[in-house]
Amino acid sequence: MQREPVRQIVSRSFALREHNIDTDQIIPARFLTVTERGSLGDACFRDWRFHADGSPKDHPLNRVDTQTHTILLAGDNFGCGSSREHAPWALWDFGVRAVITPRAGDIFKANAANNGLVVAEIDPAAHAALVEREDEEIRVDLEDLSVTSGNVRASFSLEPFARVCLMEGNDALGYILARQEEIARFEARRT
Amino acid sequence: MASAPQNKPRTLFDKLWDAHIVSPETADSPAILYVDLHLVHEVTSPQAFSALEARGIPVRRPDRTFATLDHSTPTTPRRKGQRPVYISPAAQMQVERLEENCRHHGIPLAGWGSPDRGIVHVMGPELGLTQPGMTIVCGDSHTSTHGAFGALAFGIGTTEVGHVLATQCLLQRKPKTMKVHVDGRLPNGVGAKDLILAIIAKIGAGGAAGHVIEYAGPAIEALSMEGRMTVCNMSIEAGARAGLIAPDEVTFSWLQGREYAPKGAAFEAARLKWRALRSDPEAEFDRVVTLDASRLAPMVTWGASPHMAGPVDMSVPAPNDGDAAKALAFMGFQPGETLLGEPVHTVFIGSCTNARLSDLREAALIMAGRHVKPGVRMLVVPGSERVRKAAEAEGLDAIFRTAGAEWREPGCSMCIAMNGDSGRPGELVVSTSNRNFAGRQGPGVRTVLASPATAAAAAVAGAITDPRRMMEMCGAA
Ligand code: SF4
């Protein structure tokens, strides 16, 4: 299935400085009863943004304009915890297109890549420098795997296959489906 | 890619990995890894089935797929024949969607009314679906539980659930390996839950990211299957991709006679094969962490991440970073204070970490002849229908009820609080589950993770307490 290809993301940033932001924070479990996709923007960081009665809290996330700010600078070990893919879905629906963090949870990273959300893991010092420049424009470039803002520049690595999928807007299922014969041979060999 | 020379010593993980490679990884593409068993539940699967429908493709191996209902299902006790009442129409729809998808694709489902139904990671092992040497995945991070049997088992996202449904395969890069070697013997009154909390406290919440952990050493070998599952279950809380324990006679005798385990001569043949599933003596790990079990005490968490844990009689540590400070502020604890005596509002015994029969026995031993402190609410939620039946057969339900606890229907319940079972804002919940993330058990709920014994003791005392004192009194320590 085709998605919009992503080659670079140029946008202003907003920061969540906390470390170990788990996927329960990104999307609380009570919103996981959805059976479709595309409606989780309001549920994104719900309990950080809203009181129990639904009224908004005074949280910076409620002042983010995601028309202009689509890059999230997040603390270390972002997206740890539950494997829920609803986390990258919710971030996407909220308007995030790239997450820059010193380190992201393994399953979160795979889920993000499968949904066109770029996760750039960069050196902690460069990350701190970007957080200092919160609100400034950042360029995340998948061609040369770099993150640049003003005189801050860092490189990141992306799993090469995921990178190609992102840049070409492909999903991985087509690739595995094309290997059905090999899979059948493997099955025959084992039984 | 050239395969590794035959004589190179391999870890257990290497052996499992090598045996499931349909096509090896290259610089450009990940390996294609074959999946032996795909476990499915209602929360992370609907969009995956929709993806298959959108492409018009069938489920490749419904016979290697097994589904259950656990997360969104109510646990409120019902009379026979009475229909479950869901927290919301959405929860009901999610369950019905899985029922439909299973019917449509011919996938076995342990649904309502099935004696097999249970939390996915309790059910798989107890049915003997989980076997040594397998690759097992599920759209759920605690799939690591099944690693206790020497299976490579890990959580995946919904897109990947779709990949496995469609192809029985996953694209994976080979993770790194970490050995956690635990020497010594756990002292009396200290169990598997305390051990894994201590391990996570040592490694950190992201310390094992990108790694598969193999737990080894005398203290691990001495654990029961249930204890091993508790340990492997929480591997993800250290960021690990999976947890593993080499199968041994404990594993084999646990499996023998289980519904889906091989029978008779086939079992003996399997046992011979399974014996080879251990790391070669000279095998190298990317990282090694060691721990001495004999120095451990019952553990509790003081913060909002499972690695923020210490012995039950510790003084709350001074925060060493902003997150610890924020966690302490959320929990309402002061650095230097002891948690002993901290008033508790709710106690939850349940989850895929600690809701097997042995866990309920551990809690019941403390509850027998005692009473839940007035004003404290205690929920006991068995991990599966089988656990419930076995517990009722030996009268554990009566012990809990007499003590003033609620005896519930099986399910995830307050572990994830998406079925209506939750704490109230501000409450302190002592929980045998695996995550104390802020709000995990309901908005504003403060969670302290602990073993079944420590949780039961907290229910009796109405406060955080060292369970060993109550164990001594009942001669169990
Ligand atoms: S009991 Fe908790 S951790 Fe286990 S599968 Fe259910 S929600 Fe997940």
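The points below cover chain A, the strands of chain B and the ligand site. This is a predicted model, in which local features need pLDDT of at least 70, side-chain atom pairs count only at pLDDT 80 or more, and totals for chains, interfaces and linings use all residues. Residues are numbered from 1 along each chain as its sequence is written, chains are lettered from A and ligands numbered from 1 in written order, and side-chain values use heavy atoms, without hydrogens and water.

**Chain A**
- Chain A contains eight helices and seven strands (DSSP runs, numbered from the N terminus: helices are H or I of at least four residues, strands E of at least two).
- The radius of gyration of chain A, taken over C-alpha atoms, is 18 Å, close to the 16 Å from the globule rule for 191 residues, so chain A is as compact as a globular protein of that length. The rule is 2.2 Å times the number of residues to the power 0.38.
- The C-alpha trace of chain A spans about 60 × 45 × 25 Å along its principal axes.

**Strands of chain B**
- Strand β9(B) (residues 176–183) runs parallel to β10(B) (residues 211–216), joined by six bridges; pairing requires at least two DSSP bridges.
- B:K179 has B:E214 in β10(B) as its bridge partner.
- Six bridges also pair β9(B) in the parallel sense with β12(B) (residues 287–292), where B:V289 is the bridge partner of B:V180.

**Ligand site**
- Residues surrounding the ligand (a heavy atom within 4 Å) include B:H71, B:D140, B:C412 and B:R440.
- The shell has five nonpolar, five polar and two charged residues, with Ala, Val, Leu, Ile, Met, Phe, Trp, Tyr, Cys and Pro counted as nonpolar, Asp, Glu, Lys and Arg as charged, and the others as polar.
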